[in-house]
Amino acid sequence: MLRIYNTATRKVENFKPLGEVVKIYTCGPTVYSEAHIGNLTAYIYWDLLVRCLRTNGYNVKRILNLTDVGHLVSDADEGEDKLEKGAEREGKTVWEVAETYIDKFKKDYKTLELVEPEIWARATDYIEEDMSAVDAMTERGFTYETTDGVYYDTSKFERYADFAKLDLEGLQAGARVGFSDEKKNVSDFAVWKFIREGEKHAMRWGYLGRPGYPGWHLECATIIHKELGEPIDIHTGGIDHIPIHHTNEIAECYAAYGRDLSKYWLHCNFITIDGEKISKSLGNVYSLSDLDERGFSALDYKMWVLSGHYQGTRNFTFESLEAAKVRRLAWRNRIAECYQKEISGCGAFEKILEAVNNNLNSAEAYALVDNSELSLEDWKKIDELFGLRLIADSPKISEETQALVLEREKARTEKDFARADEIRDKLAAQGITVKDTSDGPIWQYI
Ligand code: AMP
Ligand code: ZN
């Protein structure tokens, strides 16, 4: 039985699906720059969630959205649209910027061996639906217009503060003087933004008689409504999404469709790097290609991410990444061992799955993998569960290579060390080494 921590109830709960197919929505990237390793952690943890559900026999339908419009630099409906900012930086159009970073993100996604969502949903493909949702919210009395856009009146939704346990009075008291005078409540947010005369905003659609674009949170509510139907089973995101983005998605869904958005809400924590926040000024905004340049594969990184818990604060260091790399190689070499001698697992995989079923405790599952006797069949299941390419990256050696291993052994017993060394070098060129054990020599990957 899968148990997961539900942010909506602040409790670990038994997972009970709503229907035949488990409907999942993952808030995806804003495609205005390359993803850094911090951004990627979420997709790695949610990949484990999907793989775990599948291992438990569930059918999953998942959407991952790509935000290509409306996400402003500040979460308070102020500042530039992130896509416009990317376009200025790169001297490209917003559409080109979106294409570039959607491609890059999908490439990272593949190299990390993440299970593809059933639907990649691009925000700009749902503009009609956004407009209908705003119409519905307005008809139901949840919005008001300002010179700047259509705003959600959060005082109309009684449960607005519940999800994030917001202190609305405190927020109101702390509001900056002069801050958006036309807003009725400090927590009100734009569901649709108007583009003023002379304002630079290339992505624009005519609605309510003028050009504009959707507010950021709306896409998630409308995509879910159109593609999955609310309520869905599981909605995932980063912890930063709780107080604004997800709170607003829930409010919009209620106002437009009168329904709850999701039964379970999962949020992953942030990572630090060498004890610091990830930030340009610290020069620690690493992408997967930066790791690759330092000799670490995307899967070494995935190995590192899953060695800790999604709700924990994790500190990334290159030493810990090195340890993850060594661990992954050690696991591959245990697969190599399975090719060379009979190893019968004793139901160890069940325990590993149990650990993951316990609120995705991959750290405990990893410790079990380290310390259990595992058959080749177990390793195949482990690989399915974690998506680490353990099997694909651990091929059996060819007959010729096997013959070389035996020849080296013979040369050594005959004290022909020159020949033995020559063969050792040949094997090394194929990424293979021979280790002497109490059971005789065995080959390993380097
Ligand atoms: P940003 O581009 O900084 O707005 O980040 C996009 C999303 O990536 C955020 O909403 C977070 O959920 C996630 N994210 C950003 N930084 C980190 C981090 N250091 N660790 C984990 N997730 C992060
Ligand atoms: Zn979202």
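How many Å separate the centres of domain 1 and domain 3, taken over C-alpha atoms? Keep that one in mind for a second. Just so everyone knows, what we're looking at is a predicted model.

Okay, the answer: 57 Å between those two centres. The chain is divided into domain 1, running 3-268, then domain 2 at 288-386, and domain 3 at 399-445. And for the overall dimensions, the C-alpha trace spans about 90 × 50 × 35 Å along its principal axes.

In terms of secondary structure, we've got 15 helices and 16 strands. There are 446 residues in the chain, and 53% of them count as buried. If you take contacts between residues at least 6 apart in sequence, 74% of those join residues at least 24 apart. The accessible surface comes to about 20300 Å², with 49% of that belonging to carbon and sulfur atoms.

Now, on to the ligand. Ligand 1 has 13 residues around it, and the closest are Gly38, Asn39, Asp240, His241 and Ile271. By class, that shell is four nonpolar, seven polar and two charged residues. Helix α1, residues 37-55, gives the largest share of the shell, with three residues.

Let me go through some polar atom pairs. A nitrogen of ligand 1 sits 3.1 Å from a polar backbone atom of Gly38. On the side-chain end of things, an oxygen of the ligand is 3.3 Å from an N or O atom of Lys82, and for the Asp240 side chain, an oxygen of the ligand is 2.5 Å from an N or O atom. As for how covered the ligand is, taken alone it exposes 480 Å², and the protein buries 74% of that.

Notes: Residues are numbered from 1 along each chain as its sequence is written. Chains are lettered from A and ligands numbered from 1 in the order in which they are written. This is a predicted model: local features need pLDDT of at least 70, side-chain atom pairs count only at pLDDT 80 or more; totals for chains, interfaces and linings use all residues. Side-chain values use heavy atoms; hydrogens and water are left out. A residue is near a molecule or strand if one of its heavy atoms lies within 4 Å of it. A polar contact is a pair of N or O atoms within 3.5 Å; within protein, one must be able to donate a hydrogen and the other to accept it, and residues adjacent in sequence count only if both atoms are side-chain atoms. Accessible areas come from the Shrake-Rupley method with a 1.4 Å probe; for residues, only the protein chains shown count as cover. Helices (H or I, at least four residues) and strands (E, at least two) are DSSP runs, numbered from the N terminus. Ala, Val, Leu, Ile, Met, Phe, Trp, Tyr, Cys and Pro count as nonpolar, Asp, Glu, Lys and Arg as charged, and the others, Gly among them, as polar. Domain bounds come from an automatic or database domain assignment. Buried means under 20% relative accessible area, exposed over 50%, partly exposed in between (1.4 Å probe, protein chains only). Contact means heavy atoms within 4.5 Å.
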